[in-house]
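Colleague: I would like to learn how to read a two-chain model. Can we go through it feature by feature?

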Amino acid sequence: MKQDVTTSEIIEREYRAGFVTDIEAENIPAGLSEDVVRLISTKKNEPQWLLDWRLKAYRHWLTMTEPRWQNVHYAPIDYQSIVYYSAPKQAKKGPKSLAEVDPKLLETYEKLGVPLHERARLAGVAVDAVFDSVSVATTFRAKLEEVGVIFCSFSEAVQNHPELVKKWLGSVVPYTDNFFATLNSAVFSDGSFCYIPKGVRCPMELSTYFRINSANTGQFERTLIVAEEGSYVSYLEGCTAPIRDENQLHAAVVELVALDRAQIKYSTVQNWYPGDKNGKGGIYNFVTKRGKCQGKSSKISWTQVETGSAITWKYPSCILQGDDSIGEFYSVAVTNNYQQADTGTKMIHIGKNTRSTIVSKGISAGHGQNTYRGLVKIGKNAENGRNYSQCDSLLVGDKCGAHTFPYIEVLNSTAQMEHEASTSKIGEDQIFYFQQRGISAEDAVSMIVNGFCKEVFKELPMEFAVEAQKLLGVSLEGSVG
Amino acid sequence: MGQKDTMLEVKDLHASVGGNKILRGVNLSVPTGEVHAIMGPNGSGKSTLAHVLAGRPGYEVTKGEVRYKGKDLLAMSPEQRAREGVFLAFQYPVEISGVSNVYFLKAAANAIRKHRGQPELDAIDFLALVKEKAKVVDIDESLIKRPVNEGFSGGEKKRNEIFQMAVLDPALAILDETDSGLDIDALRIVAAGVNQLRTPERAMVLVTHYQRLLDYIVPDVVHVLLDGRIVKSGGKDLALELEKKGYEWLEAPAGSR
């Protein structure tokens, strides 16, 4: 009756980023081989060392088998049916300024709420926009250059700063790391590169906006952030994709390096297309994210809000190598309809007096399955290592699931570990209580969920916290009957 | 005194919960400005009546009608009823973690104001209102900032209900066993709060098991609900009589079930 009307309205407006940009693209044929790896490298005019690195990765990948230990289920992926390179055709290779960027692309980002024109820019945020396999625009570059911050597409970094790329590429996630990271190492097409020189506090938020547009394309981008001694950067990434019936693979790698006293704050608002009400279509988000606190007193903080993707499978992690270094992980993961998530973190304590904090909030609705999986490891030399973990699950309805797999390995007896966990359910009686006070069921869910996620949202930069709250509301619309 | 308007008119109301017939033809008329008590033994349908009036899902109306200020109450969604001024003080208020009492109440107050075409209150104006109304039931300010009902004692929960009622200023308040679980001091405070909210513009329905509450909140009319039907109505003395004699003497005539 009345309920049905609202539900159908909700379905229509459910995924607002689901449009397709009609733009001519340069695709290579589907399939993966050494030739494809070489072709990608040639297209990007890469130096020999990088091609060699890709080929090593590819050959290693051939020896690997796809992992199956995760708590998610999907049909086998046919790696030969994926297109590994797709780029919007542009007049010139790499536009020099926004004036040269295809207006259709600018329009796409405008529609997504990420205006690339600097006059309409997001206040104080520099954006690198990645469209399918390539970076189409990076804003505010000149302003960043004044303080020595390098922020550009990965391809440009290879051309203009090869020494930096060569030094740090694969230093945190080696090409042998895992099935999907190895695949990425062989075929990665673009991504963002960011270098903060010694003692510099990056004057604005840096951000990459990833957009998958082409059908049958895999997106394999690579992000590398290096923060030199005493520097600071806050980095944000956002992701969307059109609504398509088939699943698309997104296998990215993010590497962060923090040297002495450096701080990196990495925030993600992930809104890849989650598939439809019946679980058809959507992105497989199989991503390797890892940061290394290489220097003393360095700090890496991950904040993620995962509302999209058919399957999310990732563990943004910290290797706490430097003494007194700090790792943090704040996560909100939402699964609605038939979405699945197996996400968490790894905190590897190596240095002395290293500290880590984990706050994970999993929300399951519909038939969603949400798994927290985390490892805290205190190495034998990690004197006085400390970890605090908190894993909370919230269930909406009675067909969803929440699972928690916390692994703790302690090899040093001076370690202090704390672990808290809770599972709660939004009950009909709670919803009715809100309604009886004049608040609609939708608003009730949104208030309860936002309250549940408060601790994580406060870690996000302000404008993204607002965005994340809205996104969460949209993701859960229609989850109460 | 002229003829009072009727706030609530219940006609031949039948309702079931989970397939069990609970209400079997309730007739009730509550004029504006009056306080009516509904008494009855356990299982007579008192709480069901309260929940049906508030529109709780799972409570199915099978027959009859309810007019609230002349409008068809049963056609409204639960939140519409609340916005139109129907308030239910719950017997067992739920806990809602992560949502502060004051934030919850502000959302509620503004949803109601919006419905009435009034401008929404900002945080400052709302806080002033909250401070003023907190005095009604002498509720501690720390409770106002805590998550809704979380970790509240039974008495604090009941006080919080009356506090919410004071803030939301309903036209019709239904109090479901507000006295249950209260010690005598808490009962006095809650009753004093309710009495302050007794105005010529408001009607109240007190659902209660014991006449104890009615020593503090003196009703205009007392109804006895038995087996899903109102079998007797009278003045406040009826409550005292029930206290003495119990309900047996009012048992419904044979063959009526």
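**Reading the two chains**

Modeller: Start with burial: buried residues make up 55% of the 481 residues in chain A. Keep in mind that this is a predicted model.

Colleague: How many helices and strands does chain A have?

Modeller: Chain A has 11 helices and 23 strands. Look at the contacts too. Among those between residues at least 6 apart in sequence, 83% join residues at least 24 apart.

Colleague: What are the corresponding values for chain B?

Modeller: In chain B, 45% of the 257 residues count as buried. Chain B carries nine helices and 12 strands. For contacts with a separation of 6 or more, 71% come from residues 24 or more positions apart.

Colleague: How do I judge the overall form of chain B, and what radius of gyration does it have?

Modeller: Compare the value with the globule rule. For 257 residues, a compact globule would have a radius of gyration near 18 Å, and chain B agrees because it has 18 Å. The C-alpha trace of chain B spans about 60 × 45 × 40 Å along its principal axes.

Colleague: What is Leu206(B) in contact with, beyond its neighbours within four places in sequence?

Modeller: The partners are Val35(B), Ala37(B), Ile38(B), Leu175(B), Leu213(B), Ile217(B) and Pro219(B).

Colleague: How do I describe two packed helices?

Modeller: Two values are used: the angle between the axes and the distance between them. Take H9(A), residues 428-436, and H10(A). They pack at an angle of about 115°, with axes 9 Å apart. Their crossing is right-handed.

Colleague: Which residues make the contact between H9(A) and H10(A)?

Modeller: H9(A) uses Gln430(A), Ile431(A), Phe434(A) and Gln435(A). H10(A) uses Ala441(A), Ala444(A) and Ile448(A). By class, that contact has five nonpolar, two polar and no charged residues. As for spacing, an α-helix has 3.6 residues a turn, so residues three or four places apart point the same way.

Colleague: On to the interface. How many residues of chain B are in contact with chain A?

Modeller: There are 19 from chain B, in contact with 18 residues of chain A. Four elements of chain B each supply at least two residues to that side: helix H2 (78-83), strand S7 (96-100), helix H3 (101-115) and helix H6 (154-168). By class, the side of chain B that touches chain A has 13 nonpolar, three polar and three charged residues.

Colleague: Is helix H1 of chain B mostly covered or mostly open?

Modeller: Mostly covered. Nine of the nine residues of H1(B), 46-54, are buried. Among them are Lys46(B), His51(B) and Leu53(B). Gly55(B) follows H1(B), with a positive phi near 85°.

Colleague: Where does Lys69(B) lie, and why does it count as partly exposed?

Modeller: Lys69(B) is in the loop between strands S4 (59-68) and S5 (71-72) of chain B. A residue is buried with 20 or more other C-beta atoms within 10 Å, and exposed with 12 or fewer. Lys69(B) has 17, so it is partly exposed. Thr32(B) is 37 residues from Lys69(B) in sequence, yet the two are 9.0 Å apart in space, C-alpha to C-alpha.

Terms used:
Residues are numbered from 1 along each chain as its sequence is written. Chains are lettered from A and ligands numbered from 1 in the order in which they are written. This is a predicted model: local features need pLDDT of at least 70, side-chain atom pairs count only at pLDDT 80 or more; totals for chains, interfaces and linings use all residues. Two residues are in contact if their C-beta atoms, placed from the backbone, lie within 7 Å. The radius of gyration is taken over C-alpha atoms; the globule rule is 2.2 Å times the number of residues to the power 0.38. Axes are lines fitted to C-alpha atoms, for helices over the stretch in contact, and angles run from 0 to 180 degrees between N-to-C directions. A crossing is left-handed if the near helix is turned anticlockwise from the far one by less than a right angle, and right-handed if clockwise. Ala, Val, Leu, Ile, Met, Phe, Trp, Tyr, Cys and Pro count as nonpolar, Asp, Glu, Lys and Arg as charged, and the others, Gly among them, as polar.
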